[in-house]
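Please view the sequence and the model before reading on.

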Amino acid sequence: MAAVTANARGVVTDPAGVSPRDSRPPAPGAGGRSAESWKGHIIRELKHRDLSQHAMFQDLIRFYTQLLEKTSLTKGLLSSSARRPPAGSAPLSSLLQQSIQLKKTTGELAYQVVELQQQIKIKDSVLEEQHARLLQERRCLSRVSDAHQELRAQVEQVQGQNTALKVEYDALLERQRAAEAKLRQETVRGEELLAKVMKRKNQAAARMNSHNERRSRAREATLQAAARSKVNLDRSAVHPLSSTSPSSGFSNSSSAPSSRSTSPKNEKRDASMERKPMRLVRSASVTSPRILTSIKELFEKRRGHSVCSQEEDLVSPVRICVSARVPARALQVLDAHEQDINAVRFSSSSDLLATGGTDKVIKLWEVRAGLLTHRGTLDGSTEGITCIEFDPMGFRILAASYSKAAMLWQLGDSVPKVTLTGHSRKVTAARFSSILHQVVTGSADGSIRLWDLRRAACLQSRNVAKYCSDLVCSENCIISGHYDGQIRVWDSRAASCVQVLPAQGKVTSLDLSSDHRQLLSCCRDDCLQLFDLRRWSNERVTFRADGFKCGSDSTKAVISPDCCYLAAGSADGAVYIWNVSTGKLETRLPDKHSSSISAVSWSLSGEYFVSVDKSKRAVLWSDM
């Protein structure tokens, strides 16, 4: 078969390069030379065209030729594969082997192509999943970006607010510093004014003492002069029959009977009366109503200038508790104050309770049928209350405070009747003395002062230079406890320390038994000590318990009114009660206080027991 090729213009030509149009016969009548000339011309043109276009189609022709050769060779091999190859035909066998190898390679490549197609499908599915996840993550990222923008806007807003608050805070800080500076100036000024006031009060007290002393001496001189003065007796007292005229102390009446005037005996007696001097007698106050009235008016006038009333001069009743009840359960739990409670005390009648704390007030509670009912509030203190004391009659309340003063209230008044100032630091204890109208105070400045309530003046002052935490008063003596671990006994008459009882730690409170025979001290070494005042020795009985811990430097402990038990509050909020006779722990009352117990009090009747703590709570206990 002849090969057919296409020229550059797309005309199919034969191998000679003559197209079907050019193969037409020559025109008639032409010569042989002209025919050869035009054929040669065509051949030359074709050769020229082939030469000019051979370079352009050389590679295509070569590849096409090789493809034709391979196709014809493959057909020849397939047709002769059934026949036995002749001997000596090595090239044909090698070609057969190459064909077989090519078939194997082709099969392997086809298998690999199938595997690759499966992997491509798997990769495509994975890629689609990744594209879906990527789209989801892009959406989530878009939402997070929006949230981030919102949060950034909020942060910028908060930063602006913080900047404004910082500016306001700086302004307030400057105002606070200015206020603190002004407060310091006012404090210094107040201290100076207080010093001036105290100086003037001391001067006024000195002048009052001098004036009272002069008045007392004048009254004594008047009484002595009245006692030594002599008066004339009325003649009617000696002669009942005589009468006294306005102008004469003793004279004979003109209306007397003539027989009497002319009687020699009467004349003789009258003459002897005239010669005998008048009998003089000493006037006594018990027989002179006028002097009694003047003395009575004098003392009433003196009481009118006093701060004490007549009902306060009454003798206090003697109350004895036969047997005190050991508290077993809480009758009532209440928040008695707005802040910490530091002190609690029963009145002598046991039906009234007073509590005081850092909220600067004293609250009175009426005890009825196992319940505490608020009765009233005593104001007037500028700082917190540290100690409370009822007078023996229950008419007055004495309190110590952080304001460096002690105050006295009448039970029916809400404002203090007397304020005792003079200490340089807070007053930690205030007690009624055994002497009427006198009180004793102890302070953190280490001084102990004796005051006269009638004049609101300090009578004595004792400086120890050691922090006085508490004190009690007995007959003619004052007992004080200090942070240096010493208990000092003072003679109120001599104003001197007569004995020192060493304690085992910092003394936080003192309590005196109802018979004034035993002294109880509570110390920071978590123990209670009981002293026998009849022996005045260093011997003491120590009471301890597992779990008991003194909660503060002002923890108060008490003796029961029958002197059989000791009670104190612990830092764990439990009340511990010891038996004096056995020395062992009698009972422990837990679970009612959530903080350290600051003070306890036992009613004089022995029926009720109260504990207060640092979290504003008061608990009423009893065994009922």
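A charge sits over a ring if NZ of Lys or CZ of Arg is within 6 Å of the ring centre and within 35 degrees of the ring normal. The charged end of K506 meets this rule above the ring of Y483, at 4.7 Å from its centre.

The model is predicted, so local features need pLDDT of at least 70 and side-chain atom pairs pLDDT 80 or more, while totals for chains, interfaces and linings use all residues. Residues are numbered from 1 along each chain as its sequence is written, and side-chain values use heavy atoms, without hydrogens and water.

Rings of Phe, Tyr and Trp (its six-membered ring) pair if their centres lie within 6.5 Å; planes under 30 degrees apart count as stacked, over 60 as edge-to-face and the rest as tilted. The count by this rule is 6 aromatic pairs, including the two below.

| Pair | Centre to centre | Angle between planes |
|---|---|---|
| Y565 and W602, stacked | 6.4 Å | 25 degrees |
| Y576 and W578, stacked | 6.2 Å | 25 degrees |

Y565 belongs to strand β27 (residues 565-569) and W602 to strand β30 (residues 597-602), so their pair ties together parts 37 residues apart in sequence. Strands here are DSSP runs of E, at least two residues long, numbered from the N terminus. Y565 and W602 are both buried, that is, under 20% relative accessible area with a 1.4 Å probe, protein chains only. Y576 is buried as well, at 1% relative accessibility, and W578 is buried at 0%. Together with F548, Y576 and W578 form a cluster linked by ring pairs.

Notes
Helix = DSSP H or I, 4+ residues; strand = E, 2+ residues; numbered from the N terminus. Buried < 20%, exposed > 50% of the residue type's maximum accessible area, 1.4 Å probe, protein only.
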